[in-house]
Amino acid sequence: MRTSPVLALAALLTTTHAVHADGASSFWRFDHGLVQTSLFTDHFDSKPEHNNHQHLIGIELHNPEHWFAGTAWFKNSFDQPTWYFYGGREFLLWRVGHGIEIRAKLTAGLLRGYDGDKRDNIPLNQLGIAPVVLPSLGFRWKQVEADMMIFGSAGIMITGGLRF
């Protein structure tokens with residue numbers, strides 16, 4: 001039986017809420033969520049077959065200690081549907097004032113979706129699932145967030161999202 005990513009996320013949300021209700025450490029406590037989408041993508045060495053319209057939709061669940069777990073669905077550089085399941089940490093760099101924060105994020109997880117003749121375009125993807133580490137720099141203003149992430153040596157993506 002194949003598990004839907006939506007069901008897996010629902011189980012994570014339920015588990016997070018149940019652990020919080022039992023009074024566990026703040027690591028397992030839900031602080032806020034983030035729903036995000038891709039706003040801009042550019043490949044450093046752009047080729048005609050590269051897709052710069054990822055249609056990313058992602059969700060992250062954050063704890064009070066700045067750790068988070070997330071998942072994102074998008075169209076990869078070759079227009080193939082792709083999933084990224086990850087964990088990460090955010091690091092406050094500067095609190096400007098008026099609710100504006102500048103921060104860095106680092107995520108690490110598994111990427112699934114580079115298939116067929118595109119399988120070898122990302123390292124360690126022999127089984128169709130590859131480990132990925134993505135750094136980003138971003139800002140938050142009240143409930144609005146934006147990030148600029150570098151995906152390997154391939155390019156950059158700018159995402160925007162709303163906290164809940």
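User: How many helices and strands does the chain have?

Analyst: The chain has one helix and eight strands. Both are DSSP runs numbered from the N terminus: helices are H or I with at least four residues, strands are E with at least two. This is a predicted model, in which local features need pLDDT of at least 70, side-chain atom pairs count only at pLDDT 80 or more, and totals for chains, interfaces and linings use all residues. Residues are numbered from 1 along each chain as its sequence is written, and side-chain values use heavy atoms, leaving out hydrogens and water.

User: What do the strands form?

Analyst: Strands of a sheet pair through backbone hydrogen bonds, either parallel or antiparallel. Here a closed barrel of eight strands runs β1-β2-β3-β4-β5-β6-β7-β8, with antiparallel pairing. Two strands pair if DSSP finds at least two bridges between them. Strand β4 (residues 81–97) and β5 pair over 13 bridges. Tyr84 has Leu111 in β5 as its bridge partner.

User: Is Arg103 buried or exposed?

Analyst: Buried means under 20% relative accessible area, exposed over 50%, and partly exposed in between (1.4 Å probe, protein chains only). Arg103 has a relative accessible area of 4%, so Arg103 is buried. Arg103 lies in strand β5 (residues 100–112). Of the chain's 164 residues, 39% count as buried.

User: Which side chains make polar contacts with that of Arg103?

Analyst: A polar contact is a pair of N or O atoms within 3.5 Å; within protein, one must be able to donate a hydrogen and the other to accept it, and residues adjacent in sequence count only if both atoms are side-chain atoms. The Arg103 side chain makes one with the side chain of Glu145 at 2.5 Å. Another, of 2.5 Å, joins the side chains of Arg103 and Asp147.
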